[in-house]
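Reader: I have a structure to look at. Please take me through the terms, one by one.

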Amino acid sequence: MNCLVVDDDILARTFLRQLIGTDPSLVLIGECDDAIQAYREIITNQIDILFLDIEMPGMTGIELVKSLEGKRPMIIFTTSTVNYAAEAFDLNVVDFLIKPIVPVRFLQSVEKAREILKTKNLSVSNKEDEFVFIRDSNVVRRIKVGEILYIEAMGDYVKIYIEGHVYSIHSSLKSVEQKLSQVVFLRVHRSFIINVSKIDTLEGGTLIINKMLVPVSDAYRSALNKRMQIL
């Protein structure tokens, strides 16, 4: 995993460089002593993990994270105070390390990031028998797209419902939606995507799919009615 260290303290950067060097799976792409320089590195290079100090002259680490949009690496904050912990975790960061950083805590944070990187993307085939690969705990499983009943957003996770089982993956509903066929699937609520072919009944604002209830919001009702081709 490609790493970038951002800290205005040269001793802190040196220590993080040494910690990164203890894990063969980590590659240190560079070091920055301010957030502006880091922003340029992030938009230019493929960075997987950003080890980011919060209190820096000019732009703070939190301000840097808020400025990143589509190309945002996994964030591990490194700071000397716990005062920013609540605000930091509101930004969905991987971890929050207090200086001086304990090597065991560093390795725990890296492992968190490693698991997130493994599960954050769905891989979809383009064959007629379409399927997706998902990571279920430490096992990568193949699921036929046609077996998916519906998909539900739950915070930082997405639940994929098939008959008799539910899989949870670390992803956003928007990311999953972009990777699935719009011919087969349809969003019916800000938190739900359905397989249109699996609908049993629609009553009011509720769908029944395989005896399970799925809400339909007014914003998506017209598109749903059109797709169902109601007579």
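**Rings and a helix**

Author: Tyr150 counts as buried, because its relative accessibility is 4% and buried means under 20% relative accessible area (exposed is over 50%, partly exposed in between, with a 1.4 Å probe and protein chains only). This is a predicted model: local features need pLDDT of at least 70, side-chain atom pairs count only at pLDDT 80 or more, and totals for chains, interfaces and linings use all residues. Residues are numbered from 1 along each chain as its sequence is written, and side-chain values use heavy atoms, leaving out hydrogens and water.

Reader: What makes Tyr161 buried or exposed?

Author: Its relative accessible area is 10%, so Tyr161 is buried.

Reader: Why is the pair of Tyr150 and Tyr161 called stacked?

Author: Rings of Phe, Tyr and Trp (its six-membered ring) pair if their centres lie within 6.5 Å; planes under 30 degrees apart count as stacked, over 60 as edge-to-face and the rest as tilted. The centres of Tyr150 and Tyr161 are 4.3 Å apart and the planes lie at 20°, so this pair is stacked. Tyr150, Tyr161 and Phe192 form one aromatic cluster.

Reader: How do you know that Phe51 and Phe106 are stacked?

Author: Their ring centres are 5.4 Å apart and their planes are at 25°, so they count as stacked. Both Phe51 and Phe106 are buried.

Reader: What makes Asp9 a cap for H1?

Author: A side-chain oxygen of Asp9 lies 2.9 Å from the backbone nitrogen of Leu11, at the N-terminal end of H1. A polar contact is a pair of N or O atoms within 3.5 Å; within protein, one must be able to donate a hydrogen and the other to accept it, and residues adjacent in sequence count only if both atoms are side-chain atoms.

How values were computed
Helices (H or I, at least four residues) and strands (E, at least two) are DSSP runs, numbered from the N terminus.
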